[in-house]
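Me: I would like to go through some of the labels used for this model. For each one, tell me what it rests on.

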Amino acid sequence: MKKIISILLIIVTTLISLLLFFYVIVQHGTIGNKQDNIVRANQHTHHVLRQSSKITREQALIKSINRLAPQKTPLKIPGDLLTNLAHNIEIKVQLTSKTKNNCHLLGAAGNLCYSSRIFIRNTGNFNITGHNWKLYLYSIRRILSVDNLYVNKYPSIYNLNGILNNKPLDTGGRFNLKFITGGLYEITPTKRFKMFERQSTTLINLTTEFQNISLTDVVPWWFFSVNGKLAPVSNMTNSSSPNNYVINTSTIPKSIMPHARYATNKKYDKTITTITKNSIIPTAKEIKYTSTQPTDIQGVALHIKGLSPASIKAIKAYLAEQHIKISKNGLPVFGDVNPDLMSKNYQEKESYSINTTTEKATIHGYDQQGLFYGLISFIQSIDAKNSSFLTSSIQDTPRYHHREQHIDIARHFHSVGTIKKMLHEMAFLKLNVLHLVIDNDEAWRLEIPGIPELTDVGSRICLDMTESQCLLPQLGIPLPTFNKAQYYTAEQYKDLIRYAHAHFITIIPEIDVPAHERAAVVSMEARYRKYKDTNPKLANEYRLFDPEDNTKVLTVQFYGENSFVNPAVKGTANFLDKVIGEITKMHSEAGVPLDVLHVGGDTVFNFMSTNAFTTKYEDNSKGLLNYTLNKPPLSSSPQIQKIVGSDNADDILSVFIDTLSAATKKHKIPRIQAWSQDNKILRIYHESKGLQVNFWFPMSSDIQERLLNVANNGVKIIMSMPDYTNFDFKYENNLAERGYYWASNNNSVFKLFSYMPDNLPANAEVFGAKDGSPIKVMGRFENPKVFGISAQLWSETLYTDQNIDYMLYPRMVALAQKAWHKNKWEPKYIPLRTYETGRTHIVDQKALHASFNRFINTLYYKLLPRYDKLHINYRVPPPGAMIRNKVLSANSEIPNLSIEYSFDKIIWHKYMGKTAMENHTTVYLRSPNFSGDRYGRIVTVKANDPNFDSSLYEMSPQD
């Protein structure tokens with residue numbers, strides 16, 4: 001009997017243990033990855049809502065996340081408050097596509113705002129108590145209202161006076177939310193806060209202005225502060241993995257479903273021909289192959305005249321990267337600068353000719369730059385995989401002589417080495433201008449001898465509310481970089497100039513004035529406080545701010561009135577003279593005189609003065625605004641009033657232009673470049689024959705009028721339309737793609753390739769308006785000549801070098817192709833001709849797609865393997881796929897790129913062609929790069945469900 005009882009007890013105990021085991025698995029989501037847990041959490045939420053009407057939707061969601069949240073190893077014993085917060089607090093942000101009603105009452109521009117949620121979870125096994133903590137968070141959108149789920153019935157209004165005066169917002173619950181400046185906010189506990197309860201989640205609802213729907217809209221690196229000590233939120237410290245901290249339930253755009261991508265990929269022939277293997281990018285204007293059989297090459301013997309040792313060194317580096325040996329017994333390569341031997345149509349700068357036989361290669365350049373490009377084209381024409389080339393005759397000249405790539409190092413700092421790598425690849429693609437943004441509201445990144453505060457304060461980030469020692473953090477600054485001055489020394493900058501010059505690239509530095517200058521203004525205020533009591537002359541020498549200016553301003557990045565330099569303050573003239581003089585001196589000492597200085601000139605306005613706001617309560621189409629907040633910047637400055645006597649924005653800007661002109665003329669700057677976004681600066685500066693502008697308007701029905709308005713000032717036009725050439729925008733309309741989307745949700749390689757900068761109305765036929773909607777555009781009698789083309793890489797979401805690579809490559813290749821070569825399918829501009837999306841058919845779409853097919857075949861065969869060897873983190877596109885009749889079909893836009901599929905994300909199989917799904921209804925697909933050491937985004941495909949794609953919610957490991 002005892003044995004029977006013992007056996008029964010063992011059985012019962014075992015059953016209980018098994019039940020508990022499975023309960024833990026189900027409850028805590030130990031099987032599967034984090035993204036699966038989130039998906040199951042959402043499914044569980046819907047189930048709970050169906051089963052019970054006694055709890056709210058938000059409470060159901062919290063229960064789901066609590067139930068399925070992955071468990072971290074808890075602290076064995078409670079530590080101090082900061083340790084507890086850093087170790088045990090996990091924060092997730094849920095984005096939705098839900099718009100709010102009546103958000104004009106919150107002051108939302110254009111009455112447009114979205115809801116989102118913050119989940120603060122204590123993953124530990126003990127309660128976290130205490131009130132002496134602060135949580136700092138970043139938001140690229142203005143937060144307009146906040147409430148606490150368990151206390152507030154109604155959200156509190158975040159009124160604009162509170163924003164501008166930095167007053168804390170009492171939610172009426174357990175937390176206060178305070179706007180600091182820019183995108184920085186502070187959450188603190190109220191007296192009602194008791195604890196972060198163990199294994200529990202607290203929910204905070206937010207209303208944000210404009211769309212807030214994409215993974216990279218959530219800025220990482222939130223951090224806690226306790227008694228001046230800082231600690232990051234543990235799951236928000238990996239800026240490359242928003243999957244760790246974002247729950248996305250936004251609407252899925254149908255245009256980028258896997259089946260749609262599959263249909264697009266099917267348009268192109270992925271056959272790699274002998275011509276493809278020996279082609280060059282950008283495409284040469286004229287090329288004649290004199291053989292059909294490749295000639296093997298064992299190496300080259302260089303006989304080059306006319307290039308500097310530094311440029312020869314660059315050419316040798318390209319040869320080594322293509323595994324082409326330099327040998328006395330190799331194919332003789334003769335090169336010189338000899339314009340007399342160039343054909344009549346190619347006698348202009350940067351032109352070259354190449355003639356190759358089985359015995360030798362002869363390269364002539366119209367000038368040194370032409371010779372350099374001829375050598376690069378010869379190197380590219382060699383099939384590096386097979387060490388062979390086709391004999392040919394090539395004559396080439398560029399479409400535009402200004403081929404510009406822009407990069408912003410102010411928002412997030414990137415080293416000299418990173419920029420050199422970028423320059424090296426730009427030259428390989430014949431891009432010849434680097435537009436380097438060295439300062440902005442967020443930081444100043446170049447040493448200016450004699451003004452050490454610019455970099456001591458302006459390049460350093462820390463949590464100093466007085467900003468006497470540093471700038472406040474913005475846009476997700478990693479905590480380890482706090483208190484570190486990040487800038488280029490004068491010697492580093494001169495080295496960069498020389499390196500660029502050896503690659504025939506001109507560096508155009510940008511000082512963005514008079515707006516976007518918060519870093520400089522704050523730094524000079526710190527200098528003022530440093531010397532005001534001991535040396536008033538030094539204190540005021542470079543001061544840029546009028547302390548009596550009480551104009552209330554909110555800039556487009558949500559900074560205040562200290563974002564503008566005041567031209568009426570004496571220190572401004574001294575500052576511009578000193579900075580421009582020192583930069584000019586650096587170029588001169590580097591042996592490369594400064595030919596062009598970019599002076600910014602964009603967004604010189606008060607965001608609250610736009611027509612998205614109103615003072616009328618009954619107008620619910622615009623944000624309700626206190627009328628005292630819509631004055632022009634600097635208009636209330638007594639020192640401005642002494643000169644201008646009014647609050648007219650044009651008059652104020654005229655004072656600044658006079659001050660700037662004096663400095664540029666004194667230092668003999670030959671040409672000035674500026675953004676065309678604010679035409680006031682162009683109207684005032686039109687007398688300068690050396691003015692060139694970045695035409696920075698997105699596609700619209702009046703785009704030709706905008707172009708003429710700029711060109712009529714007699715300036716040189718550099719096409720920089722953000723909806724085609726902003727590389728900080730998404731590659732495709734996908735929630736999981738990195739980047740912004742304010743002017744376009746799709747800046748793909750094909751979109752840039754199809755761009756027609758010499759005929760803007762024609763673009764209406766291919767892509768329509770900036771948001772993709774149909775558009776009708778008519779040309780005018782005039783069509784100004786385009787001087788050049790530019791692509792912009794702003795760095796708000798570029799935290800790492802890998803992020804830079806991902807956004808640049810392969811789009812920079814398409815930029816080079818467009819800047820150097822004009823395709824025959826681009827229609828000639830005809831005055832008064834009208835183009836309309838879906839109605840007119842003037843652009844030869846068949847020829848467009850055929851030429852793009854040749855381009856991508858060459859790009860992916862010749863350049864992507866090169867990027868793998870150089871460890872360049874280019875974007876690997878996700879596969880296209882569809883399931884029909886239980887059969888999986890998949891493809892890629894990249895020729896010869898592998899595709900893998902899985903039914904569980906654990907075991908992966910190589911896709912070899914159409915595959916029977918058997919009893920599976922869901923399949924996952926991914927593509928590796930050519931080296932097979934990283935993967936693009938995982939695509940989820942469901943049988944007979946073309947609208948489902950969970951890859952929209954999960955960013956790729958490569959990004």
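This is a predicted model: local features need pLDDT of at least 70, side-chain atom pairs count only at pLDDT 80 or more; totals for chains, interfaces and linings use all residues.

**Labels and their grounds**

Me: What is the order of the strands in the open sheet of three?

Reply: The order is β35-β36-β39, paired antiparallel. Its edge strands, each pairing on one side only, are β35 (880–884) and β39 (915–916). Five bridges link β35 to strand β36 (residues 887–891) in the antiparallel sense.

Me: How does helix α6 run relative to β35?

Reply: Helix α6 (residues 258–265) lies across β35 and β36, at about 110 degrees to β35. Axes are lines fitted to C-alpha atoms, for helices over the stretch in contact, with angles from 0 to 180 degrees between N-to-C directions. Contact means heavy atoms within 4.5 Å.

Me: Why is the link of C103 and C113 called a disulfide?

Reply: The term covers a pair of cysteine sulfur atoms within 2.5 Å. The sulfur atoms of C103 and C113 are 2.4 Å apart, so they qualify. A disulfide is a covalent bond between the sulfur atoms of two cysteines.

Me: What parts does the pair of C103 and C113 tie together?

Reply: C103 sits in the loop between β1 (89–99) and β2 (113–122), while C113 belongs to strand β2, so the parts joined are ten residues apart in sequence.

Me: Is the disulfide of C103 and C113 left-handed or right-handed?

Reply: Left-handed, because the torsion about its S-S bond is about -140 degrees.

Me: How many disulfides does the structure hold?

Reply: It holds two. Another joins C462 to C470, with an S to S distance of 1.8 Å. The link of C462 and C470 has -80 degrees about the S-S bond and is left-handed. With the bonded cysteines of the protein chain numbered in sequence order, the pairing reads 1-2, 3-4.

Me: Why are C103 and C113 counted as buried?

Reply: Buried means under 20% relative accessible area, exposed means over 50%, and partly exposed lies in between (1.4 Å probe, protein chains only). C103 is at 0% relative accessibility and therefore counts as buried, and C113, at 0%, does too. C462 and C470 are also buried.

Me: What puts H104 in the buried class, and what is in contact with it?

Reply: H104 has a relative accessible area of 5%, so it is buried. H104 is found in the loop between β1 and β2. Leaving aside neighbours within four places in sequence, its contacts are N111, Y617, D619, N620, K622, G623 and L624.

Me: Why is helix α4 said to be largely enclosed?

Reply: Of the eight residues of α4 (residues 81–88), six are buried, so the rest of the structure largely encloses the helix. The buried ones are L81, L82, N84, L85, A86 and N88. Their cover includes β1, β2, β3 (128–129), β10 (195–196), β12 (223–226) and β13 (229–232).

Me: What caps the N-terminal end of α4?

Reply: D80 does: a side-chain oxygen of D80 lies 3.1 Å from the backbone nitrogen of L82.

Me: How many helices and strands are in the protein chain, and what share of its residues is buried?

Reply: The protein chain has 25 helices and 41 strands, and 60% of its 959 residues are buried.

Notes. Residues are numbered from 1 along each chain as its sequence is written. Side-chain values use heavy atoms; hydrogens and water are left out. Two strands pair if DSSP finds at least two bridges between them. Helices (H or I, at least four residues) and strands (E, at least two) are DSSP runs, numbered from the N terminus. A polar contact is a pair of N or O atoms within 3.5 Å; within protein, one must be able to donate a hydrogen and the other to accept it, and residues adjacent in sequence count only if both atoms are side-chain atoms.
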